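Please look at the entry below before reading on.

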Amino acid sequence: MHYSALSLLWQGLKGHKGWGRMWRDPEPKSEYDIIIIGGGGHGLATAYYLAKEHGLKNIAVVEKGYIGGGNVGRNTTIIRSNYMLSPNTHFYEKSMQLWEGLEREFNFNAMVSQRGIINLYHSDAQRDAFARRGNAMRLAGIDAELLSPEELKERVPILDFDNARFPIEGGLCQPRGGTVRHDAVPWGYARGADSRGVDIIQNCEVTNIRIEGGRAVGIDTNRGFIGARKIGMAVAGHTSHIAAMAGIELPVESHVLQAFVSEGIKPLLDTVVTFGAGHFYVSQSDKGGLVFGGDLDGYNSYAQRGNLPMMGHVMAGGMAIMPSIGRIRMLRQWGGIMDMSFDGSPFICKTGIDGLYLNGGWCYGGFKATPASGWCFAHTIARDEPHALNAGFTIDRFKQGRMIDEKGVGPNPWIQ
Ligand SMILES: Cc1cc2nc3c(=O)[nH]c(=O)nc-3n(C[C@H](O)[C@H](O)[C@H](O)COP(=O)(O)OP(=O)(O)OC[C@H]3O[C@@H](n4cnc5c(N)ncnc54)[C@H](O)[C@@H]3O)c2cc1C
């Protein structure tokens, strides 16, 4: 069914009884050409682009829970392409360009809102570092503006310019950055993939990857064995766990990252702001809640839930730049499991096993990457070779010393 103003009007006249299911609920077949493990944003986007860009048909996405139940529906919805190092810059800019046409392309309202993102700076040295990043972005054709304190004051008046714990001296703005309604993204991709014949199989947990003669031949699941010629892993925070099923050890740790939403308030903030002297990022949703987050928990865990110590830490970050939010009540808090790679950059690559492909290591940046990640992973699986945009995102960069160390934290990903 095509969604349009006319179809909304027509369904309204019929009491909204005629809307069909957004995707089918098929039984798994005994075999597929391609199986994608993980029905998050990246897995669904991969299946969508495999069908749309490469004309492939016999594809399944297997998801242990329900579509959108993972990080894709748990993140703080920020999109941007303000990276500094070359492989990341071009890759995330591709994602931004795909976000810009996505809703029209898959005919689904994902509420892509390019309200801008501003990274605050708090010292002359930080201003210079941000200017360097902004220049690198502009050289790559990406929009970036260095805001003076006066320009910033006009743009975000609720910041504490008089007495902040770390003086706010300006910001680096990417005007095309912004937010996207997170759970609409897997729904849109699922609907687009399903309409091109992809089987989306929910409540289907992969328990083993079968390898025969050095080649991946299928997956064992709680619903039986499913054969495949090619298998793509796109399970975000469970990447090391799934890769271990194929005997692959990855330079990845899993941690909880939490998100917070306040009660709904009148419009206060019309852009995304990030704190440069701590880790706090905030935007205001269309329902009025402030949506914010900060650091991940510093220990490894698969416990997908929030906790009080991190809540206090994140609130302190918020209070350091906008104390006026101190009296707003917090409404909701949740956690998601993220795989943190040791250079803060992802993997989209072949593995050493024929027919087995890896997508992971997304750290804090995986939501904004969703369209480009799916697009590049589909290319890699369909053609058995990477696209130029993901050629650097291999596992062996760690062996070869070609790390893409966006944050310069080396073996301590938890300090990013
Ligand atoms: C609180 C929080 C805030 C964040 N904020 C941002 C942000 O503002 N901007 C940004 O760019 N990124 C952000 N991120 C990161 C981003 O959300 C993730 O990196 C990205 O969503 C991961 O990719 P995904 O969507 O495919 O993951 P998921 O949605 O987690 O998809 C993976 C899927 O694999 C499934 N799976 C796991 N094991 C199995 C199995 N054995 N069998 C079958 N299926 C399996 C899971 O159930 C899950 O649905 C945030 C993350 C969190 C947790």
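Angles between axes under 35 degrees count as roughly parallel, over 145 as roughly antiparallel, 65 to 115 as roughly perpendicular, and the rest as oblique. The model discussed here is predicted. In this model, helices H3 and H6 pack at an angle of about 50°, and they are therefore oblique to each other.

**Packing of H3 and H6**

- H3 spans residues 86-106 and H6 spans residues 184-195, and their axes lie 10 Å apart.
- The crossing in which H3 passes H6 is left-handed.
- From H3, the residues in contact are Trp-99, Leu-102 and Phe-106.
- On the H6 side they meet Val-185, Gly-188, Tyr-189 and Arg-191.
- Sorted by class, this contact of H3 with H6 consists of five nonpolar residues, one polar residue and one charged residue.

**Overall build**

- Ten helices and 18 strands make up the secondary-structure count of the protein.
- The protein is as compact as a globular protein of its length, because its radius of gyration is 21 Å, close to the 22 Å that the globule rule gives for 416 residues.
- Along the principal axes, the C-alpha atoms of the protein fill a box of roughly 65 × 65 × 40 Å.

**Burial and contacts**

- Buried residues account for 57% of the 416 residues of the protein.
- Among contacts in the protein with a separation of 6 or more, 74% come from residues 24 or more positions apart.

Definitions and conventions
Residues are numbered from 1 along each chain as its sequence is written. This is a predicted model: local features need pLDDT of at least 70, side-chain atom pairs count only at pLDDT 80 or more; totals for chains, interfaces and linings use all residues. Side-chain values use heavy atoms; hydrogens and water are left out. Axes are lines fitted to C-alpha atoms, for helices over the stretch in contact, and angles run from 0 to 180 degrees between N-to-C directions. Helices (H or I, at least four residues) and strands (E, at least two) are DSSP runs, numbered from the N terminus. A crossing is left-handed if the near helix is turned anticlockwise from the far one by less than a right angle, and right-handed if clockwise. Contact means heavy atoms within 4.5 Å. Ala, Val, Leu, Ile, Met, Phe, Trp, Tyr, Cys and Pro count as nonpolar, Asp, Glu, Lys and Arg as charged, and the others, Gly among them, as polar. The radius of gyration is taken over C-alpha atoms; the globule rule is 2.2 Å times the number of residues to the power 0.38. Buried means under 20% relative accessible area, exposed over 50%, partly exposed in between (1.4 Å probe, protein chains only).
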